[in-house]
Amino acid sequence: MQLLLADAVRHPLLLLLAEVRTQLQELQRLLEKPGAALAQGLLRRRGQPHQLAHRVQQRALEQLHASTDGHLLPSVRAAGDTADELERIATLCREAAREALQLEGQRLQRPQRYIKRLQQVDQTLQQLEQLISTPDAHEILRISRVQRKLTRFYQRVRKAHLKALKQQENPELLIISLFLARHIHEMGQALVSICESLISVLLGQPMSPAQLRSLKSMMTQLGVEPDWQGLSLAPLAETRSGNSIAALASEAGTGSMIGVLKEGELHKVKEEKRGLRQWNSLFPGIAPQILSHHDQGDSASLIIEHLPGLTFERLLLQEDAPALQAGMTHLLALLPQVWEATLQSRPISGQYMRQLGKRLPSVYNVHPEFRRWQQQAMTLADLLQAAGQLEQKAPAPFSVYIHGDFNLDNLLYDAREEKVRFIDLHRSRQMDYVQDVSVFMVSCLRLPLFESESRQRARQTAWQMFDMAQAFASAHQDDGFELRMTLGLGRSLITSTRYLLDRAHARELFEQGCRLLLALHQQKPNKPLQIHLKEWLHG
């Protein structure tokens with residue numbers, strides 16, 4: 001795919017590129033033959049890159065405003081980001097010139113090693129001129145390798161200079177040369193940012209060069225030779241775990257789906273792989289199959305099977321009542337089977353109040369006014385402590401294998417096959433089933449629905465889940481079910497507000513959670529539970 005840039009955008013961008021290369025070359029001459037006149041000349045060139053970068057930004061916005069082409073945005077964004085990073089490299093050149101001014105007649109030790117790295121940056125910018133017209137994945141990866149060379153150079157210089165500083169060998173010169181190495185290192189980081197912008201044009205989604213290398217490796221594992229011009233990535237979901245999820249397709253527009261690409265921190269992706277394998281070993285086909293994976297440093301990627309169907313959130317919000325009821329019927333039949341098959345007769349604590357305590361700072365960051373909550377002389381901290389003590393005395397009598405993040409958008413229903421499937425499984429483990437039940441219910445109740453009919457439909461969906469779980473508890477003599485449900489619901493209602501910016505809706509959920517926990521605190525010891533969750537939910 002080409003950058004869809006008007007000449008009014010492309011021309012100042014190419015002029016900016018040429019200006020930055022000029023400043024890099026002047027810096028090379030300065031390091032080779034230090035002198036105040038050369039340094040001052042470079043410092044006086046501050047205005048040109050700034051003006052050109054501003055012109056690129058302004059004209060890119062004008063092009064976007066004047067166009068109705070929906071495919072234009074990635075190109076315009078890439079032009080603006082590239083201009084920013086080129087201006088950053090020019091700024092680093094001038095910062096390096098200021099350091100060179102401090103040499104005062106001294107010479108760098110082995111100046112050629114600094115000049116060599118600046119030449120690599122200059123040569124990379126020369127390659128960039130062609131990439132601005134037509135991004136190419138192989139050339140982008142080649143550019144990213146320059147950044148890795150610059151990083152290794154900086155690490156070597158830093159290590160050597162810190163050792164020399166301890167021996168007090170000409171500390172001023174060492175500090176100046178270390179700053180120079182740092183500026184060159186940051187130029188490499190700017191190159192990577194430019195690469196990311198170009199990749200977003202190529203694939204339709206932001207991606208780092210390291211992620212592109214992982215994708216290339218996984219495609220090779222699948223026996224697919226990447227055709228970067230015909231490959232597309234389309235965001236599928238926003239996750240709160242930090243993982244990115246995108247549909248991966250070849251021959252964009254023809255519907256040739258390869259799979260779902262998931263990327264994130266190494267430990268989370270490993271947990272996802274473990275969850276996928278465990279679920280499929282217990283119930284074949286309930287989760288996507290792993291097609292390919294690649295680990296790189298502290299991050300990792302997966303390509304998993306793309307499953308057909310609609311999320312339960314979409315069923316609830318957009319589909320008709322029979323479609324939602326069909327999905328719920330199959331889900332409510334499946335869960336008791338899962339719980340029965342994985343039940344282990346060993347008491348376990350859901351630690352709901354501990355979870356709430358860990359997430360409260362995030363709640364307060366979004367809603368600082370919640371810190372002031374107090375009722376009947378009890379603060380929320382007092383309430384958590386009292387509820388936590390009660391929770392310790394009432395563990396679940398058994399554990400089952402749970403999803404771990406049982407939100408509406410992590411459950412799929414395929415109406416054609418009449419099957420429910422699970423996705424996003426990095427938190428799956430043996431645990432109290434109330435964990436999944438309470439999360440599912442609150443994922444219904446927290447939806448910003450303001451029409452009475454829609455809210456009733458969401459409550460009814462949560463009600464069905466509660467009824468099924470209560471029947472399961474009764475069949476297995478789980479006498480503490482409602483107590484733990486109160487704790488789980490209170491936790492989820494309060495913590496869900498960290499994702500809500502609607503103050504009134506967040507306040508409503510927060511108050512509901514606090515009232516549940518307060519009612520539990522007021523419960524008389526050794527007496528039947530006085531909280532009627534059915535009535536509370538129905539209301």
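Residues are numbered from 1 along each chain as its sequence is written, and side-chain values use heavy atoms, with hydrogens and water left out. Because the model is predicted, local features need pLDDT of at least 70 and side-chain atom pairs count only at pLDDT 80 or more, whereas totals for chains, interfaces and linings use all residues.

**Domains**

Begin by colouring the protein chain by domain: domain 1 covers 7-204, domain 2 covers 213-304 and domain 3 covers 310-538. These bounds come from an automatic or database domain assignment. Between the C-alpha centres of domain 1 and domain 3 the distance is 51 Å.

Select helix α2, residues 36-43, where Ala39, Leu42 and Leu43 are buried. These residues lie on the same side of α2, because they cover an arc of only 100° around the axis; the arc is that of the directions from the helix axis to the C-beta atoms. Buried here means under 20% relative accessible area, exposed over 50%, and partly exposed in between (1.4 Å probe, protein chains only). Helices (H or I, at least four residues) and strands (E, at least two) are DSSP runs, numbered from the N terminus.

Next, select Gln63 in helix α3 (residues 47-66). Its relative accessible area is 16%, so Gln63 is buried. Apart from neighbours within four places in sequence, its contacts (heavy atoms within 4.5 Å) are Leu4, Leu5, Ala6, Val9 and Leu72.

**Cys195 in helix α7**

Move to Cys195, located in helix α7 (residues 171-203). This residue counts as buried because its relative accessibility is 1%. When residues up to four places away in sequence are set aside, Cys195 touches Ile140, Ile143, Ser144 and Pro209.

Select residues 290-296 (β4) and residues 299-304 (β5), which pair in the antiparallel sense over 6 bridges. Two strands pair if DSSP finds at least two bridges between them. Gln296 has Ser299 of β5 as its bridge partner. The hairpin has 2 residues between the strands, and Gly297 takes a positive phi near 65°.

**A region annotated in UniProt**

Residues 287-449 carry the UniProt feature "domain: Aminoglycoside phosphotransferase", from an unreviewed entry; such annotations may be inferred rather than shown by experiment, and their positions are given in the numbering used here, with feature names shortened. Over residues 287-449 the chain is 42% helix and 20% strand, with the end C-alpha atoms 30 Å apart.

**The open sheet**

Show the 3 strands that form an open, antiparallel sheet in the order β6-β10-β11. β6 (310-311) and β11 (419-422) stand at the edges with a single partner strand each, so one side of each has no neighbour in the sheet. β6 pairs with β10 (residues 411-414) over 2 bridges, and Thr311 stands opposite Leu412 in β10.

**Asp436 in helix α14**

Finish at Asp436, in helix α14 (residues 434-445). With 5% relative accessibility, Asp436 counts as buried. Beyond its neighbours within four places in sequence, Asp436 is in contact with Ile402, His403, Gly404, Asp405 and Phe406. A polar atom of the Asp436 side chain lies 2.7 Å from the backbone nitrogen of His403. Glu95 is 341 residues from Asp436 in sequence and 55 Å from Asp436 in space, C-alpha to C-alpha.

Note on methods
A polar contact is a pair of N or O atoms within 3.5 Å; within protein, one must be able to donate a hydrogen and the other to accept it, and residues adjacent in sequence count only if both atoms are side-chain atoms.
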